[in-house]
Amino acid sequence: MISTYEPVSKKIGHYSANACLLPICSLHGIAVTTVEGIGCTKTRIHPVQERLAKCHGSQCGFCTPGMVMSVYALLRNHPEPSMEQIASALAGTFLFCHFYIKENGNCCLDQEGKLEGEKTPIKLFSADEFQPLDTTQEFIFPPELMRMAENEPKRTLVFHGERTTWISPTSLKELLELKAKYPKAPLVVGNTSVGIGQHLELLVCPDMKFKGVYHPVIISPARILDLNVVRYMDNGLTLGAACSLALVKDVLTNAVSELPWEKTKIFRALLQQLKTLGGQQIRNIASLGGNIISRKSTSDLNPILAVGNCILNLASREGTRWIPLSDIFADGAGNNTLTPKEILVSVHIPYSRKEEFVSAFRQAQRRENSLPIANTGMRVLFAEDTDIIMDFGIFYGGIGSTSICAKQTCQALIGRHWNEKMLDEACRLVLKEVSLTGSAPGGKVEYRRTLMISFLFKFYLEVLQSLKKMDPHRCPDIPEKYRSVLQDFHTKIHQNKQIYQEVNPEQLPQDPVGRPIMHQAGIKHATGEALYCDDIRAVDEELFLAVVTSSRAHAKIVSIDTSEALRAPGVFDIVTTQDVPAKNEFYIFSDPEILFAKDKVNCVGQIICAVVADSEVHAKQAAAKVKIGYETLEPVILTIEEAIQHNSFFEPQRKLEQGNVDEAFETVDQILEGEIHIGGQEHFYMETQSVLVVPKREDKEMDVYVSTQHPAFIQEMVASCLGVPANRIMCHVKRVGGAFGGKVVNTGLLASVAAVAANKTGHAVRLILDRGDDMLITGGRHPVIGKYKVGFMNDGRILAADAKYYLNGGSTPDHSILVAEVILLKMDNAYKIPNLRCCSRVCKTNLPSNTAFRGFGFPQSGLITESWMTSIAAKSGLSPEKVREINMYKETEQTFYKQELDPENLVRCWKECIEKSAYYSRKIAVEEFNKQNYWKKKGIAIIPMKYPFGFNKRFLSQAAALVHIYTDGSVLLTHGGIEMGQGIHTKMIQVASRELKIPMSNIHFCETSTTTVPNACVTAASVGTDVNGMAVKDACQTLLKRLEPIISKNPKGSWNDWVKEAFEQSINLSATGYFRGECSPKRESLIISMLYIFYNIKKVKVFIISHSQIEGAFVQGIGLYTMEELKYSPEGVLYTRGPAQYKIPAVCDIPEQFSISLLSSSQNSYAIYSSKGMGEAGLFLGCSVFFAIWDAVTAVRKERGLTEPFTLNSPLTPERIRMACADEFTEMVMRVFFWNTPL
């Protein structure tokens, strides 16, 4: 949080902000408060920190401090905020974990009663235990900064860096002199992709960080009063160019509340866009002027400001001038209306007039905090008391290189009446004038053209409605079915309701199992005291490593020129394949994983060499100076289709078959054939790949501190590349800031690179990837194409299926062969298919290798199966839920992979979910809504799931634990599991607490390390709690058995008495626990998901702390199936390399109502305390959103007479949804774009 003091008004302002976007030079005179500053465990935690932790508001904890400070800043300004203000404050938060407004007690979904076996639920927390928020106890603004602001004269600040000089002038005159002297110097106010000088078109510091852009001089005009003015005038409002967007929003909000409605139409349109423009943290520091002068096509404000005839006040040393804002867009991005020496001083926004109407529209990948795919500002002025157009203005964003004016269209419509004939002509003229070729940057050409005329249609209806309100006889009525267009989506406050079964009354009060225990590190997450890999303090003479990666997808390495890099400041050395002491390759399957590319590169992002330097900045600067010579190789294979064409596969392919498929196809009534494409997914763990390698200078020992799911694998890889025994490599993991499967092989390669550098230099080496490099270098979830042929009877029974699955494996095998196996083994989902033939093949392409990801192939194969279920329902005339129910497993029998399955819980879940959710009543309500609304549809879906979890080999499920009891009675617990946010350490402490019958406070977990638990298996496949819990239980039972003779002799003694006596009797108080692994035929986790407008999930049995895993997995599934889209250039370069381009779910995307309850009387004797593996299973549940959307699209198409079968691909983005909903607008685009029909 940053805090400022205004000496004139004596006001203090508090603002949340992104630290990574705040240049330290901009903080002169500003108070900075960090999460550690508001409270810590050593003194006193803040009420915000306490509530977030105790209300189960964190998982991995890496992003928790950001949540805390966002809410803290809000409370400093609004001690009693509304729920809307809280949601807005958190709008910039990404959510692969979870964050909900928690409620105690039962949920009261309308029409829902208690589930069988549920009694009054236990409380998640006791609100009475929380310390109250006392604003008098908050830190005051530093008096020395206040005195400095009031008494010290302002002076120019100059900061000299190694390569850059930062200048902060105090007056407009001085700024103009500086701009004349340094015309190419960027002006920086908010540093969020905005600036107020002509030459800043991209991020300043981010460009310097990610693109190597170098600015010798940067000018910061934020302290100049002329650029921060807010002035009400007779004809409008003047705002300084340096005003933050948050201030602009507040000023406009006040103006709208105080001024007549007819004067504030432009203001309202701007506010409409400001609601979704970035998060609060961005708006707090981004400037209005920067948004304008950057002239970005994706600006949400520029189209409105341009169409609203706003005026820019420009100044230079030669004088001042006023120009229409629209002038800077007249000739596209190359417009030179502004001279290099001019700066923008202020913006004048005029009042609107009575007969004038202004609207703004946008469409983005995500509703909030997302750049638009397309947007628009539209304005029309009518002759008084008529519907005759006197003036018309349309500006589009997202269509060209900058905002575009449809000038010819608007001119042609002047004098026309506001009617449907005018609308039809306007759409055709716009499509003709605003060209968008098939090769336009950003793609989505048909979609963006459809949006152009869809926006125009909505504007037409909005104006028609306003005219009707002004004079009922002025224009015709809007048809009833069109009125839903005018109803905006209003997001309700997100509420999460978790229903728990009561703990057995006979359970001991101190037994924590089954109780809502806070995450063991929850408080430390909220205070920022939880340590991650990069939080480890610098080691003496530590070096930083930056990797040099391939810029070609498939090429021979001709040369590596490191001479310039070696001369760069701070560079210590450069590491190549020649420096690897032993093996440069590591085999998981037949093809190797490669540390450093040697003779050729096989994908963009492959590591060629690395630079080690005395700082991260120096290492990255030098890495950019390494010159690689290439000779292009053919072919370059990027897609599955190209791999099939070139027969490029990893072997072996996998096949499964049961029954007589060909014979069954001869007997069925109908056959369905189809194909579905499922895109990949980026792990987007909050903590990027991180490793610190510390050589011990003796016996070739090394400590490796690493963010990984599998320390033993890292140990093996590092030892292999260095040529030393594994016992010389000690891997340590305290906690991981998210992993989702992406921190095994990729982490091993990066740790090995760092280890080679440490071995060569003899220094500790730290390697922390930034987000862009992390996404470029590492792969994610496998894109899959599923081709199927399904035979079924007219009653919906499936008799035969033949399916082929093609996975994009990338350039090396990684875990792709295993993923291909799982795709086959889980493709049946919850259905009995008597005759089945399926095979899977892994395509070898020139992309970074895809790897393990939460669900491990099932989210892809499950979606393909459910897609054909939906299509069968459409073809047979039955409802989707009827087809699913007919084909579900109903009796105990073997699956097609010869595993016995008892479907009792599956059937119970299905029936209870339909009954308790009043599914059919809701379905009728959805159908009735759809009949009454032509332009807005709802959908409903219910999806069963059978999820076999665990590994297919017993040895992969073994686990060990080490438990020490000290003479003071305290217990140190160690096991082989990794804490990634799932709360495994908390659960293990719960297990030890129950088994030893001591309070959890007596037990401590330090770290996971190969020095304490050797050969630990990977924490993955939803079995971490089960297997490690069994090992911990075994160790504790061993210790308790040793203590039993002492306890029996002194039953009334205390734990400490028994421990002390045991030590005096020389009884070993340390024990190893072991679990060999279990290959049970009943290891199935059965879940039902139901979606009805909002989301409602039913029936799982888990440790209470694991409810958050269900929430997070579901939201991640929403991202996979509806939002997250990876885009590559034709050369194999990843376009979507960060949150600006790649959209994961945020607060605005989580379910508004999300209810979780437990299936009563559900036991699992094969797992620790009937635990269910929930880490992965919940992700597939996100497909209920996919199929509810499918249901809504079906309603649209049916209403428009489109009855032919259709398939929707994943992710089901706004583009795919809109283009599947064919109507007159999509037809118009197709006609003009493809067939060039004369207009």
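This is a predicted model: local features need pLDDT of at least 70, side-chain atom pairs count only at pLDDT 80 or more; totals for chains, interfaces and linings use all residues.
Contact here means heavy atoms within 4.5 Å. Once neighbours within four places in sequence are set aside, Phe-1186 is in contact with Leu-863, Tyr-1121, Leu-1208, Asn-1209, Ser-1210 and Leu-1212.

Phe-1186 also belongs to the largest nonpolar core, which has 116 residues. Together with Tyr-805, Trp-868 and Trp-1055, Phe-1186 is among the residues with the most contacts inside this core. The element that gives the most to it is helix H30, spanning residues 1024–1049, with a contribution of ten residues. Another core lies apart from this one and comprises 48 residues, including Cys-427, Leu-456, Leu-464 and Val-485.

Turning to the strands, an open sheet is formed by five of them, arranged in the order E8-E9-E12-E10-E11 with antiparallel pairing. Strand E8 (230–233) and strand E11 (319–324) sit at the edges, each pairing on one side only. From one strand to the next, the twist averages 20°. Within the sheet, strand E9 (residues 236–240) and strand E12 (residues 343–350) run antiparallel and are joined by five bridges. A handy residue pair to look up is Gly-240, whose bridge partner in E12 is Ser-346.

Helix H6 (residues 172–181) lies across strand E10 (311–316) and E12, and runs at about 125° to E12. Helix H9 (residues 265–274), in turn, lies across E9 and E12, with an angle of about 120° to E12.

Definitions and conventions:
Residues are numbered from 1 along each chain as its sequence is written. Side-chain values use heavy atoms; hydrogens and water are left out. A nonpolar core is a set of buried Ala, Val, Leu, Ile, Met, Phe, Trp, Tyr and Cys residues joined through side-chain atoms within 4.5 Å. Buried means under 20% relative accessible area, exposed over 50%, partly exposed in between (1.4 Å probe, protein chains only). Helices (H or I, at least four residues) and strands (E, at least two) are DSSP runs, numbered from the N terminus. Two strands pair if DSSP finds at least two bridges between them. Axes are lines fitted to C-alpha atoms, for helices over the stretch in contact, and angles run from 0 to 180 degrees between N-to-C directions.
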